[in-house]
Each structure stands twice: as C-alpha cells, then as structure tokens.
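Student: I am new to this one. Can we take it step by step?

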Amino acid sequence: MVRMRLSDKLAHLARTTRADMLNAPTEQVIAQCRLLLCALSSLAIALEPTQPTQYAEATALTLFAYLAVSALLVGLTRYRFLSPRTRQAIHFADVVIISVLLCLTDGPTSPFFVFFTFALLAATLRWHWQAVVATAAALAGVFLVASINKGTSASTAGNDLNIAIISGAYLIVAGGMLAYVSTFYERSRERFAKLAHGPVLSTDGASSPSIPQLLAHSAIALEAPRILAIWEETEEPYVNLASWREGTYEETRHAAGTFGDLVKPALAGIAFLTGKASSEFVLLPTGPMRIKKEPIIDPHLTTEFSICGVATAPFVGVICTGRVFILDRDSWSDDHLLLTEIIAARTGIELDRQAVQRQNEEAIASQERMRLTRDLHDGVLQSLTAAALQLNLTEQALDHERGSRLDLVKQLLAKEQRRIREFVDETFPKRGAKKVMILGRDLRHQLEETGHYWNCTTSLSVAPPDVRVPQALAVQLSLMLSEAVANAVRHGGASNVDVVMAKAEGHLVINVRDNGKGFNGQPIQDAPQEQEPIMAGIGASSLRERVCTLGGSLTVSSHPTGAELAIRLPVP
C-alpha cells in the first residue's frame, strides 16, 4: 500500500494525523511554507500594488519569480533530499530576494518585512544557533541599509524612525529567541543521544555490575552531581539504595520502611521536580501543582541525603519497584523531567535484569549441587558401601580368600579415583576433546566390575553391538547401572542382574532386571509419574532425577520374583 504524502492528503481533503504533520522532512515544510507565503503575497499585491508606485512593477515581477522558484523547490524536495550545499544556497537566495523586495518597497515599513521572520524560522529548522544568529545579523544589516537609504519627508520622518527602531528591535529579539530554541533543541538531542547510546552493559556477570555504569552515564547526560536509586524487591524485607556522587558509587541495604513511602502518597506513581524539597510547588508532566500540608519527600530521606533541588520518577518492574532521584542541579526545566522518567525506566529494567540473572545463577548452582550429590551417591558412596561389604566379608573369609577381598577393595578405590579424575576433566574440558564410547565394549567391563564388587553376576546385551554415545552420556549410564545394581542387591537381595540396551529412532531403551525379591518384598507396578514416593522410599530417587535430567523416563516394576527398571533416553 502506497502511503500518501501530507500535501496529497491536504489536496484530497484526506484525514491527517499528528504524525503526518511532524514527520515531514524539514526542507519539504520550508518549501511548502515559502510557496504559500509567496502565493498569498502575490494575491495581496495584485489587489493593491505596493509603494512606491515607480517600483511596483519590478516588485511584482520579483515576487512572481520568487513564486515560480518556490513551486520548483516544492517539486524538488518532494522527490529527493537536498545536500548541505544546496540548502545553504537556497537559504542565501531567500535572504537576497527578501532583501531586494524590502528595498523595492517602503524599507522599514515594507509589507515584506514579515519575510524576515520566514528566513529566521528556516534557519532555526535547518541548522544550529550559529546559523540563526548569522541570519539575524545579515537581515538586521539589510534592514539598517534600507532604513538609511529610504528618503522620507519631514512629515513622516518621526513615524518612520519609530517603525525602524521597533522593527529592528523585533529582529534582534526574534533572532535571539530562535537561537535559544535551536540551542535548546540541539542540547535535548545530545542528551537523548547520550542516553540512547550508553552505557554498554557488561557481559561478565556480577563482577562488573552495570547499575553504577548506568547511574554514572545518566549523571553525565543530565550534568547532575548526584543520583540516587531506591528500590525494593519482591518478597525481600529490605530497601536497597544505590548512590552515585561525582565518580563514587555506593550501594547499601536498609530495613523495609526506613524511608517511608519515599514521596508524598499522592505523588507515588508520578514523576515531578522541584527547586527545593521543602517547597509546596512541584512541576508535574501535566504542569505545575501546589502540595499542601505534607512534605513532598520523606523527611528522613531529605535529611539523610541533604536533598534540595530534585527531579524524581518512579519505576515499576516485575521484581523491583522504586524511584530515581536526580539531585543538586542548579536549574531545572521540563526537559529534565522527561529525561528523569527515561532514566527511571532504564534503571527499573536493569535492576530486573540483574535480579533475574542472580536468580538464574542461584538455580544453576542449586542444580549443580544436586547433580554432584547424585554423582557422589551413585558413584563414591556406592563404591564405599561395596568396599565396606568386602571388608566385612574379609573378616569372615579364610586366610587364602582375604587377599582377593583386599584386592577388590583396592580396585574399588582405584575405580573411584579414575571417576574423580574424569569428573575433573569434565569440569575443565580440553579444547577440541569430544570423545565417544562404544556401549557394548566400555560398559560391559564396568558392569562386570560393579557386579563383582556386590557379589552378584551381571550380563549386558546391546543392539546394535557398535552403538556409540558421547562420553558424558556414557558416564551417566555407568552411574545409573551402578545405582541399579546396588539397589537390586541391597534392597532386593538379588544375585543376578541382566541389562538389555537397544537404540532405535533417536532413543536408547534400557531394561534392567534382577532375580531378587523386589523392593521390600512388595509388588509394585506403577507409571513413571507416580513413582517418586516409592523410589524415594527405596533409596533410588537419585536414579530417577538423573533420568529426568537427561530428558528421559523411568518405569519401575517390582514383584516377589524380582524388580525391573525400564529407562528411555533421547540420544543423538
């Protein structure tokens, strides 16, 4: 769909919006306003020629030529952007033509004096204050020359002098005010640009917090000596305070309610500024307002931080809620109120981000502790239990059997030493080290060792025989089988454990069956989602957690003639 230009909408009497008016390119606006001004002026001199009459025809021709140029510029700006040199040339031509029109008419009393205002406005829209001042100076010079060269009669000299003085004063004042507008606009753009382009958030976590960077950057953008951020976090009985003052950052924590509601309850959700904290007058986004009776800012907060002039705005995040206070500026404007609202919003977003990051880090640390607990339970603890069993059997064994029992204990300790070394290697992996393991070869030996330690026989069947899996998954499978064998012997009194593995359609199906008496001799036939209470009671909850961590499922069947575990895991 082709969007209509503002001029097209006006020509077709179509509905226009504020966006249509404000988003038009500057040169288009200037060109269309120039054309409108020239057209209406041409109509005016056609109805009543200008004075003096001897220059009326030259004035009309000059204005009509200016009208034609204006129409050409409207078409030019409609289809292309003008270069800086082209805009300078057009502005110079405007000043020259307006000066000619002024000199051809009544000089200080010329009706074309209003064109000077058009030239000043065009310079304000195009450039910075320097160009506005230069334009005002050039127009004032032309006006002065025209006033000197205009011959007047004695009867009108006094009146012309008054007009010349007032018109000259108008040029000076209008030029100065428009230069201020241009400077204010430029300064506002610089401030917004500073806020938009920084600071760059750090990526190395809590070691380099970004709240100090954000407050410091905001202080530079607003030229404020001090900034305070005060907030509370959901379900936390504290109020947090971050203070930035002339390059020094400090963050403290206080009891909830230390600073009351921070500001008067009527202003709790509103941004405002005041030149003095004890004043009854504040500037709101909707305009000035008088606050009676209660202090605008909490007295304890005002005393604690010696607050005088302040701009403050609230922020409400998912986790963090509070306010930002901009302090100690010498002067304030509406612009500072808007900037304070932007800073408060960014501060709330950053505090929420840090809180979520901290929660994620705590959750990751908790998961890692759980994983380490499972590994210790299924590895070291089971091996130590098996070693204790072998040592107990050594006391009851004959002399010639004790050596073999002690050898088993040594093998157990050596095995756990290897596992701990593998754990360290997994924690600090070498670059490019991506090992795979063949299940039928590597797990069979480990399963036989485990059965030997627990005085039971084992068997392993893998289909297809050359199934390969990543080393990290193979380690997890080894720990699961060690836990399954230990549970079968300790809780079911099994003397044989059979393991069958089959890989198909992206999954590894593992079936572990023993010939014991089941778990505590009780028959069980449960679905995966119902097993948690049962498994926790038989000491195998770590097995379930390990399977769930790998994205798999576990089904337990227990009968007086033995137990069976059915495990299904996704594999690459």
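Tutor: Start with a pocket. Helix α8 gives the most to the lining of the second largest pocket, with six residues. Keep in mind that this is a predicted model.

Student: What volume does the second largest pocket have?

Tutor: A pocket is an open set of grid points, with protein on both sides along at least five of seven lines. For the second largest pocket, the volume comes to about 570 Å³.

Student: Which residues are closest to the centre of the second largest pocket?

Tutor: Its lining has 22 residues. Elements that give two or more of them are α3 (26–47), α6 (114–126) and α8 (154–196). Closest to the centre of this pocket are T26, T124, L125, R126 and Y185.

Student: How much space lies in the largest cavity?

Tutor: A probe the size of a water molecule, rolled over the atoms, shows where empty space is left. Three cavities of 30 Å³ or more turn up in the structure. In the largest cavity the space is about 60 Å³.

Student: Which elements each supply at least two residues of the lining of the largest cavity?

Tutor: The lining has 10 residues. Nearest the centre lie A484, A488, V512, D514 and L565. The elements you ask for are α14 (471–492), β13 (507–514) and β16 (562–570).

Student: What share of the residues in the protein chain is buried?

Tutor: The chain has 16 helices and 16 strands. It holds 572 residues. The buried share of them is 41%.

Student: Of the contacts between residues at least 6 apart in sequence, what share joins residues at least 24 apart?

Tutor: Contact here means heavy atoms within 4.5 Å. Take the contacts in the protein chain between residues at least 6 apart in sequence. The share that joins residues at least 24 apart is 67%.

Student: Is T77 buried or exposed?

Tutor: T77 sits in helix α4 (residues 56–79). Its relative accessibility is 8%. Buried means under 20%. Therefore T77 counts as buried.

Student: Which backbone oxygen does the side chain of T77 reach?

Tutor: Beyond four places in sequence, T77 touches E27, Q28, A31 and L82. Its side chain also reaches a backbone oxygen at 3.2 Å. That oxygen belongs to V74.

Student: Now T340. What is its relative accessible area?

Tutor: T340 lies in helix α11 (residues 334–396). Leaving aside neighbours within four places in sequence, T340 is in contact with L222, A311, T312, A313, V324 and I326. T340 is buried, and its relative accessible area is 0%.

Student: At what distance does the side chain of T340 reach the backbone oxygen of H336?

Tutor: A polar contact is a pair of N or O atoms within 3.5 Å. The side chain of T340 reaches the backbone oxygen of H336 at 2.7 Å.

Student: How far does α9 reach from its first C-alpha to its last?

Tutor: The helix has 12 residues. At 1.5 Å a residue, 16 Å is expected. The span is close to that, at 16 Å.

Student: What about E246: buried or exposed?

Tutor: E246 has a positive phi too, near 50 degrees. Its place is in the loop between β2 (238–245) and β3 (248–255). Exposed means over 50%. At 61% relative accessibility, E246 is therefore exposed.

Student: Which peptide bond is cis, with omega near -10 degrees?

Tutor: Most peptide bonds are trans. Look to P464, in the loop between β10 (457–463) and β11 (468–470). The cis bond runs from A463 to P464.

How values were computed. Residues are numbered from 1 along each chain as its sequence is written. This is a predicted model: local features need pLDDT of at least 70, side-chain atom pairs count only at pLDDT 80 or more; totals for chains, interfaces and linings use all residues. Side-chain values use heavy atoms; hydrogens and water are left out. Helices (H or I, at least four residues) and strands (E, at least two) are DSSP runs, numbered from the N terminus. Buried means under 20% relative accessible area, exposed over 50%, partly exposed in between (1.4 Å probe, protein chains only). A polar contact is a pair of N or O atoms within 3.5 Å; within protein, one must be able to donate a hydrogen and the other to accept it, and residues adjacent in sequence count only if both atoms are side-chain atoms. The expected span of a helix is 1.5 Å times one less than its number of residues. On a 1 Å grid over the protein atoms alone, a cavity is a set of points where a 1.4 Å probe fits but cannot get out, and a pocket is an open set with protein on both sides within 12 Å along at least five of seven lines; lining residues have an atom within 4 Å of a point. Grid points are joined across faces, edges and corners, and a volume is the space filled by probe spheres set on the points.
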